[in-house]
Amino acid sequence: MSTTSFTPRVFSGIQPSGGLTLGNYLGAIKRFVDMQGSDFETIYCMVDLHAITVWQDPEQLVHATRELCAGFIASGIDPEQSILFNQSQVAEHTQLAWIFNCVARMGWLNRMTQFKDKAGKNRENASVGLFAYPALMAADILIYHATHVPVGEDQKQHLELTRDIAIKFNNDFGVDFFPVTEPVIEGAATRVMSLRDGSKKMSKSDPSDMSRINLTDDADAIAQKIRKAKTDPEPLPETFEGLSERPEARNLVNIYAALADTTPQAVVAEFAGQQFGQFKPRLAEVAVEKLTPISTEMSRLMADPAEIDRILATGSGRAREIAAPILKKTYEIVGMVGA
Ligand code: AQP
């Protein structure tokens, strides 16, 4: 029941719940691009059904979905080489999610830390969708028999649940039908932290815009946010281990390493003994150099929403071709009568 007997296939998704952040870019999209053209078939999704587990203004959701699609393409996802689409257009995701709602156990979902974080103190008022989110995420992945899922560190627990669901389904029905998907959580930026608080993840929905770099920020905004990022008065240490008790400083070093395609150890070796007053302008330079071409290309693509919609529609058709036979077979295994 490993992944070895399945076609090597990557699936991952991002919610159109706001603008893309540097966290989404380094933790997810940049790595999606790296996996494209390797030994994998690659499928990337705008998970609009996940986004509505918390309130989304409909007009904003349309805009955010198109902008996310533009962000994928501007970052290097080729919609011909990869399948690029939005989740709501492939009904098989929600159909399989219902089956998985009946496989997953309440106790498993009760342990999900993302639900606890997002529901906060007002749990009674959270949507049922927010609670059931991980079963839909398992369906997103397994409806394609995806073998590998590149994500940031925050999604690790949901991927463990996806594996548990696949194993339980296979055991319950005595089949070897769903792969036990491998999470791919690698690199210097699997958890990019807020620029204002090194203990909090950089997030699209953080109320403070200064806590994050948006992919649509211009060069001045990027430089200003890095200049104002929280650090400490100490210079950079001789070794990366010297940053273990300095979360904000470590975060900036990790961001530099991920943007410059090097290791945090190499960054520390280069800047050892320097103050953050010297390091931050260099980080801003690297960030501007990498991110402004993406934001320029995103604006160009956003000028033609009809073309974006066409790309999404083509991607949905291609996704459905893989998903439909897997759903059909799942229904047969479960015992649903049909033609
Ligand atoms: N700060 C981060 N560092 C590294 N990776 C991150 N990801 C998100 N934030 C970071 C990765 O991006 C992918 C898509 O995430 P998502 O948008 O579907 O949901 P999320 O993790 O809940 O992201 P946000 O920005 O925090 O969204 P909101 O604010 O709407 O909840 C995932 O692979 C995630 O790991």
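## Close-up views of a predicted model

View 1. Gln36 sits in the loop that runs between α1 and β2 (41–46). The model is predicted. Gln36 counts as buried because its relative accessibility is 12%, and the limit for buried is under 20%. Its side chain makes two contacts with backbone atoms. The backbone oxygen of Gly76 is reached at 3.0 Å by the side chain of Gln36. A polar atom of the Gln36 side chain also lies 2.9 Å from the backbone nitrogen of Asp78. Leaving aside residues up to four places away in sequence, Gln36 touches Thr42, Tyr44, Gly76, Ile77, Asp78, Gln81 and Ser82.

View 2. Leu20 is placed in the loop between β1 (9–14) and α1. With 6% relative accessibility, Leu20 is buried. Its contacts, not counting residues up to four places away in sequence, are Ile14, Ile29, Leu68, Gly71, Ile213, Asn214 and Leu215. Gly335 is 315 residues from Leu20 along the chain, and the two C-alpha atoms are separated by 42 Å.

**View 3. The interface of domain 1 and domain 2.** The domain assignment of the chain gives domain 1 as 9–190 + 304–334 and domain 2 as 209–300. Their C-alpha centres are 29 Å apart. In contact are 14 residues of domain 1 and 17 residues of domain 2. Between them the two domains bury about 1300 Å², with 74% of that area from carbon and sulfur atoms. Leu22, Ala74 and Ala188 supply 39% of the area that domain 1 buries against domain 2, more than any other three residues.

**View 4. Polar links across the domains.** Four residue pairs are in polar contact across the interface of domain 1 and domain 2, with both residues at pLDDT 80 or more. On the side of domain 1 that touches domain 2, α1 (22–35) and α3 (58–75) each supply at least two residues. The largest share of that side, five residues, belongs to α3. By type, the residues of this side are eight nonpolar, three polar and three charged. The salt-bridge count between domain 1 and domain 2 is one.

**View 5. Lys30 and Asp261.** The side chains of Lys30 and Asp261 form a salt bridge, at 2.6 Å from N to O. Asp261 lies in the loop between α10 (247–259) and α11 (264–271). Asp261 is exposed, since its relative accessible area is 54% and exposed means over 50%. The phi angle of Asp261 is near 55°, a positive value in a residue other than glycine.

**View 6. His145, with positive phi.** His145 belongs to the loop between α7 (128–142) and β4 (148–150). Its phi is near 50°, positive in a residue other than glycine. His145 is buried, at 11% relative accessibility.

**View 7. Ser194 in the loop between β5 and α9.** Ser194 is found between β5 (182–184) and α9 (219–228), in a loop. Relative accessibility is 3%, so Ser194 counts as buried. Two backbone nitrogens are partners of its side chain. That of Arg196 lies 3.0 Å from a polar side-chain atom of Ser194. The backbone nitrogen of Asp197 is reached at 3.2 Å. Beyond residues up to four places away in sequence, Ser194 touches Lys200, Lys201, Met202, Ser211 and Asn251.

**View 8. Asp154 and Lys201.** The whole structure holds 18 salt bridges. One of them joins the side chains of Asp154 and Lys201, at 2.8 Å from N to O. Asp154 is in the loop between β4 and α8 (156–173) and Lys201 in the loop between β5 and α9, so the pair ties together parts 47 residues apart in sequence. Asp154 is partly exposed, with a relative accessible area of 29%. Lys201 is also partly exposed, at 32%.

View 9. Asp172 and Lys168 form a salt bridge, with the closest N and O atoms 3.0 Å apart. The two are four residues apart in helix α8, so about one helical turn separates them. Asp172 is partly exposed, at a relative accessible area of 45%.

**View 10. A salt-bridge network.** Asp209, Arg212, Asp217 and Lys225 are linked by salt bridges into a network. Within it, the side chains of Arg212 and Asp209 meet at 3.6 Å, N to O. Arg212 is buried, at 9% relative accessibility, whereas Asp209 is partly exposed, at 36%.

Methods: Residues numbered from 1 in each chain as written. Predicted model: local features only at pLDDT ≥ 70, side-chain atom pairs only at ≥ 80, totals over all residues. Heavy atoms only, no water. Buried < 20%, exposed > 50% of the residue type's maximum accessible area, 1.4 Å probe, protein only. Polar contact = N/O pair within 3.5 Å; in protein donor to acceptor, adjacent residues only side chain to side chain. Contact = heavy atoms within 4.5 Å. Domains from an automatic or database assignment. Buried area = accessible area lost by both parts, 1.4 Å probe. Salt bridge = Lys/Arg side-chain N within 4 Å of Asp/Glu carboxyl O. Nonpolar A, V, L, I, M, F, W, Y, C, P; charged D, E, K, R; others polar.
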